[in-house]
Every structure is written in structure tokens, then in C-alpha cells.
Amino acid sequence: MNMNNNVWQGAGRRIHLQEVGTRDGLQAESAFVPTEDKIALVDALSEAGLSKIEVTAFVSPKAIPALRDAEQVLREIRRQPGVVYSALVPNVRGAERAVESRADELNLVMSASESHNQSNLRMTRDTSFAGLAEVTRAVQGTGVAINVSLSCAFGCPMEGDVPVQSVLDWCQRYVQELGAHGVTLCDTTGMAYPTQVTQLTQAFRERWPDTELTLHFHNTRGMGLANVLAAMDAGADRFDASFGGIGGCPYAPGASGNVCTEEIVHALNLMGYNTGVDLTRLLAAASRLPALIGHDVPSQILKAGQRLDLHPMPAALNDS
Ligand code: COA
Ligand code: ZN
């Protein structure tokens, strides 16, 4: 229940937050977070009320050793009804591992930019698309949902701007040729800015009103929350975010953290939106991260507390 005076602004509109910290976040860390701690973190996030959790990635353990325990994590978490448990997969091998470990959704990934696709996945975009098609055929009939994430949809750190038409053409192929139930437009290295976000979100919503659209922003240049608000105004209602604000693609120069889940929840709750997230529980989960990954995290709310966490008057003033 939102008790603040500005509750009317969001008028209780439902905004879905999808936690990607245990995948996008932990993949970028040099420390290996012990499997039982990963499971405890996912369980805490489930209880905090996130709509979807991207639990892990079924990628090559040589490429991303931090997530080499994907099977065990996905199998041993305590699932909450209504929460969708997703996993990133790069190929058929990954899809088979994820389905066996009872993923609800596979998050397939390719890049809008040829250079980033090559550096991240070591193949051309056309080869990647053929691979995604192979994965969707391989899991047909299993009931597992398919989401496609398009990296660098708002710009590439090696190529610069990516034409809007090219992004929409890829989306068209995911929806029509792959039958994807969802598409995620990813701002892999924080190049998106609000007016650009408005344009792409509107264009997507107009063409595919029935496809689940997620926006995935990184806060690399401080525009994360502004981009979320711009996307909401343009009709988006689903966002990826990382608790603690951790994250970043290891194959994208200059990448840094996702938009921070607790910062987005804190802002949206104040504005009267219904995120369904219990901020206190979310903060408790995020506060465990520095000890587990061995360094401080970007989250401003962990540092500053919530807006109305008041402080005592300075003792010197009380004494005088
Ligand atoms: N699960 C487990 N192992 C996998 C795998 C998967 N999904 N896909 C490939 N492998 C293994 C292969 O068995 C092979 O192992 P080996 O060297 O012991 O024989 C090794 O990885 C290389 O496989 P290959 O088919 O030659 O693929 P590649 O080297 O071209 O790797 C990727 C392609 C994309 C699968 C790999 O680079 C990867 O997983 N990258 C991670 C991408 C990522 O997560 N990026 C950040 C998120 S966007
Ligand atoms: Zn990302």
C-alpha cells in the first residue's frame, strides 16, 4: 500500500520489474558467489515480489565461469507462484540444459550490431538468428516461453547509432518467424536517451501491441531512471533491473551496471505506481551483495536510505 501524498500520479498502474542481477550482475563479477548464496539471493528476490527473475545463464562455463552452477541454482530455488523464472541461453545446448532444469522462459540473445554480436557471441547476426530459430524448434512442445533480447538496440560502443528500422526489422523476425512471446530491447552500454526511448517504444507498441515488451537499461551515463520514465509514458510496463545496480556485459567496452531495482522501485512507489515489490525485502537482499562480490555496489538507496528514513537532529543543537 502506498501511503504518500502523490499516490494519484501513477494511479496504481501496474509496472512489472524483472530482476536480472543474478544473471547480468553476477556474470560480470570476478568473484564466484557460492551456489548456496545464489540460491538464497534468488529466494529472497522471489519473496520480494519481482514479476520475473532471470536466474542464471546456460552459457559455456569457460566463457562465464561465474555462472557455471546454473543447473543447481535453477533446480534448488524455492519457486513462488506467479513469478516467472527465466534463464539466458546462447544455443541449443544451453536451451536443453535450461529446459531440463525447469526454466519457465528462455531468454535468447543476439545483438542489433554486427560488431557486438561478433565480440559477444563470436558469430554474425544472421548465424545468430539461425541459431535462435534452431533453439525455438528444439523446445517446441515443451511449453517453455521464448523471449528474445536484442543487445545494443539503442547504440553500439563500436559502431555508434543503430538505425531504428534495423531494430524493428529484427523484432519483426522474432515475432513472426520465431513466434517469440516477448522481446527485450537492451541498452547494453547505457547509450539510450529519453527521446530516443520514446520513439522506439512507441514504434514497437504500435506494431506489436500483443507482444510482451521489456526495456533493459544500463545506467552507464546516468540516464537509466529517465529512460524508464520515458518508456512508461510511451506505453511500456516491463523493465529489467539489477538489485544493487550491479551488472554489465563482459564483451562490451565500457559496460557498467543495470538500472538499480531498488532505485526504480523506490521512485515508482513514491509516484503511485504498483510495482508489487516489497522494498524492505529487496533492500535486505541487495545489502548482502557487497560481502558476496567483494566490493561496494552502485545503489544510491542502499547508501542514502529511503526518502523518509529520517535522522535525529545533531546532538549539539539539542544541547544548546
Ligand atoms: N553450455 C555449456 N557449454 C557450452 C555451451 C552451453 N550453452 N555452448 C558451448 N559450450 C562449450 C562447448 O561445449 C565447448 O566446450 P569445449 O571447449 O570443452 O569443447 C566450448 O563451450 C566452445 O563451444 P563452441 O561451440 O565452439 O562455441 P564458442 O566458443 O563459439 O562459444 C558461446 C559460443 C556463445 C556459446 C560462448 O562463447 C558463450 O557461452 N559465451 C557467453 C556469452 C554471454 O553470456 N555473454 C554475456 C551475456 S549477453
Ligand atoms: Zn544488460
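User: Are Lys-52 and Glu-105 buried or exposed?
Analyst: Buried means under 20% relative accessible area, exposed over 50%, and partly exposed in between, with a 1.4 Å probe and protein chains only. This is a predicted model, where local features need pLDDT of at least 70 and side-chain atom pairs count only at pLDDT 80 or more, while totals for chains, interfaces and linings use all residues. Side-chain values use heavy atoms without hydrogens and water, residues are numbered from 1 along each chain as its sequence is written, and chains are lettered from A and ligands numbered from 1 in the order in which they are written. Lys-52 and Glu-105 are both buried.

User: Which strands hold Lys-52 and Glu-105?
Analyst: The two side chains meet in a salt bridge, 2.7 Å from N to O. A salt bridge here is a side-chain nitrogen of Lys or Arg within 4 Å of a carboxyl oxygen of Asp or Glu. Helices (H or I, at least four residues) and strands (E, at least two) are DSSP runs, numbered from the N terminus. The pair ties together parts 53 residues apart in sequence, because Lys-52 lies in strand S2 (residues 52-57) and Glu-105 in strand S4 (residues 105-111).

User: How many salt bridges does a search of the whole structure find?
Analyst: Side chains of opposite charge can pair when their charged atoms come close. One network of salt bridges links Asp-43, Glu-47, Arg-78, Asp-278 and Arg-281. Searching the whole structure gives 14.

User: Why does the pair of Glu-71 and Arg-97 tie together parts that are apart in sequence?
Analyst: These residues form a salt bridge, with the closest N and O atoms 2.7 Å apart. Glu-71 counts as partly exposed at 22% relative accessibility, and Arg-97 counts as buried at 17%. The parts are 26 residues apart, because Glu-71 lies in helix H3 (residues 70-76) and Arg-97 in helix H4 (residues 92-100).

User: In which helices are Glu-114 and Arg-125?
Analyst: Glu-114 and Arg-125 form a salt bridge, the closest N and O atoms being 2.6 Å apart. Glu-114 is partly exposed, with a relative accessible area of 25%. The pair links parts 11 residues apart: Glu-114 in H5 (residues 114-121), Arg-125 in H6 (residues 125-138).

User: Which residues coordinate the zinc ion (ligand 2)?
Analyst: Donors are N, O and S atoms within 2.8 Å of the metal (3.2 Å for Na, K and Ca); water is not among the atoms, so sites may look incomplete. Along the chain the donors follow the spacing D-x191-H-x1-H. Asp-24 in helix H1 (residues 21-25) and His-216 in strand S7 (residues 212-217) are 192 residues apart, and both are buried. At 2.1 to 2.2 Å, the coordinating residues are Asp-24 (OD), His-216 (NE2) and His-218 (NE2).

User: What share of ligand 1 does the protein bury?
Analyst: An oxygen atom of ligand 1 is 2.8 Å from a side-chain N or O atom of Lys-62. Nitrogen atoms of ligand 1 lie 2.9 Å from a side-chain N or O atom of Asn-120 and 3.3 Å from a backbone N or O atom of Gly-94. Taken alone, ligand 1 exposes 920 Å² (Shrake-Rupley method, 1.4 Å probe; for residues, only the protein chains shown count as cover). The share buried by the protein is 68%.

User: Which residue just after H9 takes a positive phi?
Analyst: Helix H9 spans residues 224-233, and its buried residues include Val-228 and Met-232. Just after H9, phi is positive at about 110° in Gly-235.

Key
Polar contact = N/O pair within 3.5 Å; in protein donor to acceptor, adjacent residues only side chain to side chain.
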